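Work through the exercises below with the structure open. Each task is followed by a solution in steps.

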Amino acid sequence: MADFPKIITSRYGLPQSHTLKVAEQHGAYSAARMAFTTMKPEQIAVEVKDANIRGRGGAGFPAGVKWGFLPKDSKVAPYLVINADEGEPGTFKDRTLMELDPHRLVEGCLIAMRAVGAHVCYIYVRCELVTSIQRLEAAIEEASERGYVGKQPFGVDHATQIYVHMGAGAYICGEETALLNSLEGMRGEPRLKPPFPAVKGAFGAPTVVNNVETIASVPDIIRMGGKAWSDQSRLPRDGGTRLYGVSGHVKTPGVYEAPVGLTLRELIYDLGGGMLHADRPLKAVIPGGSSTPVLRPGDLVNAPDPAHPLHAWHGKSHIDVPMGVDTFRALGTMLGTCCAIVMDDSVNMVEAARNLMHFYSHESCGQCTPCREGTGWLHDVLENLCEGKGKLQDIDLLVDIANNMMGNTICAFADGTAMPMLGFLQKFRDEFVVVAKSGVPPHSLGATVRALGGVS
Ligand SMILES: Cc1cc2nc3c(=O)[nH]c(=O)nc-3n(C[C@H](O)[C@H](O)[C@H](O)COP(=O)(O)O)c2cc1C
Ligand code: SF4
């Protein structure tokens, strides 16, 4: 296996790594001490900007730029809110940080609060993550006893409080404004934007919402310096190392740290140990949580124009393109949470789509008609196909429904449902046609569908 530097995972694998004693023996809180005692808040923000860290929650927005959106003339202090909902199917990276190294997140929260002028931080964790919650609460208590969290962290007059808030476990509460509503005790429904949370967030105050991994990266950014941290990446404007998840039909599913710009081939065949069954080739991979359009290994990059952002990979397989926020957007998909779901040729794509749409139809909050109705319709049509009761026209109907959901709703949930649906239909239309025409449930069509070819 490739030997990548361990930065955010440097304490993974140490016995009792979640305790203050062990974490501190291995460097915890040295960056926070430095940030509080030797740096001005603006300097911290500059390092985070120089680090080119793209948000690790899915949208990939640069964290340094987001912090800069907080109004300078606000009369109330901003809040820091950490998004630890981690509900995206196939995504299980943030929980490893909270379980194995909660002090790294607490330290990141302290530094971020110092940088943006916040005194209160809420970590919103879904209730199913029991160990994460227990270890975070224990870590906050230990750090409070040591005085790192409290009235004068490291002897500096910048009071800090950190609270763990339990969410009830709804996927939509990972969307930042639904999360804020839920935090305030209201229904977990997304808010119309603008105003964005930076201007009017938690309890009406300016608020920074960041993902767990984004904030847990901050101590290393300060310790190493933003530029040095950024340079760990293989790509420009997308810095550092990050957590990669891999699940599905691989030999060693799990969470691995590697430079930004790793390829899916490296993730699957090196870190992931290769395909689970030697006689079952890779058919498809959903790159970053289920809301990102699927990729096929047999598809080649078509970018003959030297000005195209993917020109350097012209003619190469999609799984050989470096995984970055901008590169994957240019490829027609998204990096999302950077947690790949790997499927071999035993998977029927109509059933895979049905499975995903079942999830989305259950999780829509229901505020917007195109999303509430569209997700239900997508699921119903796929359910019919999977029961062998479908028609050929159903394929166009699925396209139509998905297109009507895109760009017509309050939050990105609907797009995050429609895009993968359209991806399945575009890349695996032949399988949908076979299922629709045959009139028999797809699980009994496995061999026929595999024999279609074109699915690599
Ligand atoms: C439906 C939906 C679910 C989301 N779930 C999560 C989540 O579980 N965790 C997360 O960090 N971001 C999630 N996001 C993204 C957040 O809205 C937000 O962009 C993110 O927390 C910002 O943090 P970052 O800039 O550090 O990535 C979700 C977005 C949508 C639309
Ligand atoms: S897009 Fe869907 S999840 Fe988002 S607010 Fe509208 S109904 Fe709710």
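Two residues are in contact if their C-beta atoms, placed from the backbone, lie within 7 Å. Helices (H or I, at least four residues) and strands (E, at least two) are DSSP runs, numbered from the N terminus. The model is predicted: local features need pLDDT of at least 70 and side-chain atom pairs count only at pLDDT 80 or more, while totals for chains, interfaces and linings use all residues. Residues are numbered from 1 along each chain as its sequence is written, and chains are lettered from A and ligands numbered from 1 in the order in which they are written.

**Exercise 1. Describe how α15 packs against α16.**

Step 1. List the contacts. From α15, the residues Pro370, Cys371, Gly374, Trp377, Leu378, Val381, Asn384 and Leu385 meet Asp394, Leu397, Leu398, Ile401, Ala402, Asn404 and Met405 of α16.

Step 2. Sort them by class. Ala, Val, Leu, Ile, Met, Phe, Trp, Tyr, Cys and Pro count as nonpolar, Asp, Glu, Lys and Arg as charged, and the others, Gly among them, as polar. The contact of α15 with α16 has 11 nonpolar, 3 polar and 1 charged residues.

Step 3. Compare the axes, which are lines fitted to C-alpha atoms, for helices over the stretch in contact, with angles from 0 to 180 degrees between N-to-C directions. The axes of α15 (residues 369-386) and α16 (residues 393-405) come within 9 Å and cross at roughly 160°.

Step 4. Name the arrangement. Angles under 35 degrees count as roughly parallel, over 145 as roughly antiparallel, 65 to 115 as roughly perpendicular and the rest as oblique. Helices α15 and α16 are therefore roughly antiparallel to each other.

Step 5. A crossing is left-handed if the near helix is turned anticlockwise from the far one by less than a right angle, and right-handed if clockwise. The crossing of α15 and α16 is left-handed.

**Exercise 2. Which residues of α15 and of α14 meet α17?**

Step 1. Begin with α15. Its axis and that of α17 (residues 413-427) come within 10 Å and cross at roughly 30°, so α15 is roughly parallel to α17. This crossing, too, is described as left-handed.

Step 2. Read off the residues. Pro370, Cys371, Gly374, Thr375 and Leu378 of α15 meet Phe413, Ala414, Thr417 and Met421 of α17. By class, this contact has 6 nonpolar, 3 polar and no charged residues.

Step 3. Turn to α14 (residues 349-363), whose axis comes within 10 Å of that of α17, with a crossing of roughly 170°. That makes α14 roughly antiparallel to α17.

Step 4. Read off this contact as well. Met349, Ala353, Leu356, Met357 and Tyr360 of α14 are in contact with Thr417, Pro420, Met421 and Phe424 of α17. These residues divide into 8 nonpolar, 1 polar and no charged.

**Exercise 3. In what order do the strands of the mixed sheet lie, and which stand at the edges?**

Step 1. Collect the pairs. Strands β5 (residues 241-248) and β6 run antiparallel, joined by 6 bridges, with Gly245 opposite Val255 in β6. Between β5 and β8 (residues 339-344), which run parallel, there are 4 bridges, and Val246 stands opposite Ala340 in β8. Strand β7 (residues 282-286) pairs with β8 in the antiparallel sense over 4 bridges; here Ala284 faces Met343 in β8.

Step 2. The 4 strands form an open sheet in the order β6-β5-β8-β7, with mixed pairing. Strands β6 (254-259) and β7 stand at the edges, each with a single partner strand, so one side of each is left without a neighbour in the sheet. On average, neighbouring strands are turned by 30° against each other, direction ignored.

**Exercise 4. What is the strand order of the parallel sheet, and which helices pack on it?**

Step 1. Give the order. The 4 strands form an open sheet, β3-β2-β1-β4, with parallel pairing. Its edges are β3 (161-167) and β4 (207-211), each with a single partner strand.

Step 2. Inspect one pair. Strands β1 (residues 79-84) and β2 (residues 120-126) are paired in the parallel sense over 6 bridges, and Tyr79 stands opposite Val120 in β2.

Step 3. Place the helices. Helix α6 (residues 102-116) touches β1, β2, β3 and β4, its direction making about 145° with that of β1. Helix α8 (residues 176-183) also touches β1, β2, β3 and β4, at about 110° to the direction of β1.

Key
Two strands pair if DSSP finds at least two bridges between them.
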